[in-house]
Amino acid sequence: MLGTALVPVLQQRHEVWGIDVDDCDICDAKAISAVLRARQPELVMHLAAYTDVDGCEANPQLAEATNSTGTRNVATACAQVGAAMLYVSTDYVFDGTKVGAYLEDDPPNPISVYGQSKWLGEQHVRAILKRYFIARTSWLYGPNGKNFVRTILRVAHQQKLLRVVNDQHGSPTYTRHLASKIAELAETQAYGVYHTTGSGACSWFEFARTILELWPVEGVQVLPILSDESGRAARRPANSVLENRALKQAHLELMPHWKVALAEYLDEIKRSSEARDFEESKRGTAN
Ligand SMILES: NC(=O)c1ccc[n+]([C@@H]2O[C@H](COP(=O)([O-])OP(=O)(O)OC[C@H]3O[C@@H](n4cnc5c(N)ncnc54)[C@H](OP(=O)(O)O)[C@@H]3O)[C@@H](O)[C@H]2O)c1
């Protein structure tokens, strides 16, 4: 999802190669090393990951191989060709017990296999490279990927009652905004760890309710539930709000408020064929 937003932004100012798992599996150290030797990039943006947070609980070996060892392979290949690296990490490196927003140097303490594997990935990057960015982000949504906004719209067109978790707080982040911010950050060469999220924060329940305020679907009700009632395999932090302090210190503008970004994304969906798909799915269930 993020990669498809990022490549066109970078292409406006740079020569860019987008590499997917079909081109190169990051679990294969020799393959990633050969690709970078052939291309000789100045900077590698590493977004590839096993991102199914619940799936990681059932398949910890794959999470570890992709998110931890895979990241080590990318960092090692960067070191071999003298490239800097930007690694996209996650709010799920934190345990969620802090009162207030997490700062870049707060100690991670992941509570899920996914969070642990991404945290190990961060540690490899720090150990192997001097010139790196770690950009932690959260609650991504945008075109070309499974995401919460789409799920809520699809389910709201099929069911009357939606139950959504209200005891996890974070910052929804629009991939188009994040892509621009990452591109801007990479040009600073001010290496380090950055929190890069949409501004403001909410619970998943508030997020869902706002989606349906901006895109009303007749007769649909959203009910708040607790994480324990959600039946998800992975634990998630109760609070994963990230203060974007390092961005401010680097004199970079913060990303727009999540409600502004959400309105922009919903407009984008309304202009696309997807809006019709939602309506048709509603008619399909009515029949
Ligand atoms: N989504 C979020 O809410 C969120 C929040 C915080 C941080 N992040 C981080 O942001 C980054 C981008 O997330 P996203 O939501 O855009 O993820 P995504 O849509 O799942 O994209 C991840 C990409 O990595 C590829 N991939 C998986 N295993 C690979 C391997 N072994 N070798 C090479 N490529 C592989 C996937 O290919 P296939 O599709 O073919 O598997 C997919 O194209 C990730 O690093 C993620 O950890 C995401």
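My entries start with the whole chain and then turn to single residues.

**Ground rules.** I'm looking at a predicted model, where local features need pLDDT of at least 70 and side-chain atom pairs count only at pLDDT 80 or more, while totals for chains, interfaces and linings use all residues. Residues are numbered from 1 along each chain as its sequence is written, and side-chain values use heavy atoms, with hydrogens and water left out.

**Whole chain.** I looked up the secondary structure and got 11 helices and 10 strands. These are DSSP runs numbered from the N terminus, with helices being H or I of at least four residues and strands E of at least two. The radius of gyration is 19 Å, close to the 19 Å from the globule rule for 287 residues, so the chain is as compact as a globular protein of that length. That radius is taken over C-alpha atoms, and the rule is 2.2 Å times the number of residues to the power 0.38. Along its principal axes, the C-alpha trace spans about 60 × 40 × 40 Å.

**Inside and contacts.** I find 49% of the 287 residues buried; buried means under 20% relative accessible area, exposed over 50%, and partly exposed in between, with a 1.4 Å probe and protein chains only. Among contacts with a separation of 6 or more, 84% come from residues 24 or more positions apart. Contact here means heavy atoms within 4.5 Å.

**The cores.** Which residues touch the most other members of the largest nonpolar core? I noted Val149, Leu153, Val164 and Phe207, in a core of 38 residues. A nonpolar core is a set of buried Ala, Val, Leu, Ile, Met, Phe, Trp, Tyr and Cys residues joined through side-chain atoms within 4.5 Å. Elements that each supply at least two residues of this core include helix H6 (148-156), strand S5 (161-165) and helix H8 (204-214). A second, separate core has 20 residues, among them Leu178, Ala179, Ala183 and Ala186.

**Val149 and H8.** Not counting residues up to four places away in sequence, I see Val149 touching Tyr141, Phe207, Ile211, Leu262, Tyr265 and Leu266. Phe207 and Ile211 turn up again among the buried residues of H8. I then checked what those buried residues pack against: strand S4 (140-141), H6, S5, strand S9 (202-203), S10 and H10.

**Ser117.** I found Ser117 in helix H5 (residues 113-128). Is Ser117 buried or exposed? Its relative accessible area is 3%, so Ser117 is buried. Leaving aside neighbours within four places in sequence, Ser117 is in contact with Ala63, Glu64, Asn67 and Ser68. I also checked Asn147, 30 residues from Ser117 along the chain, and the two C-alpha atoms are separated by 21 Å.

**Thr175.** Thr175 sits in helix H7 (residues 175-188). I have Thr175 down as buried because its relative accessibility is 0%. Beyond residues up to four places away in sequence, Thr175 touches Met1, Leu2, Ala5, Leu140, Tyr141, Gly142 and Pro143.

**Positive phi.** I looked for residues other than glycine with positive phi, and noted Gln40, near 50°. Gln40 is in the loop between helix H2 (29-39) and strand S1 (43-46). I noted Asn144 too, with phi near 65°, in the loop between S4 and H6. Asn144 counts as exposed because its relative accessibility is 52%.
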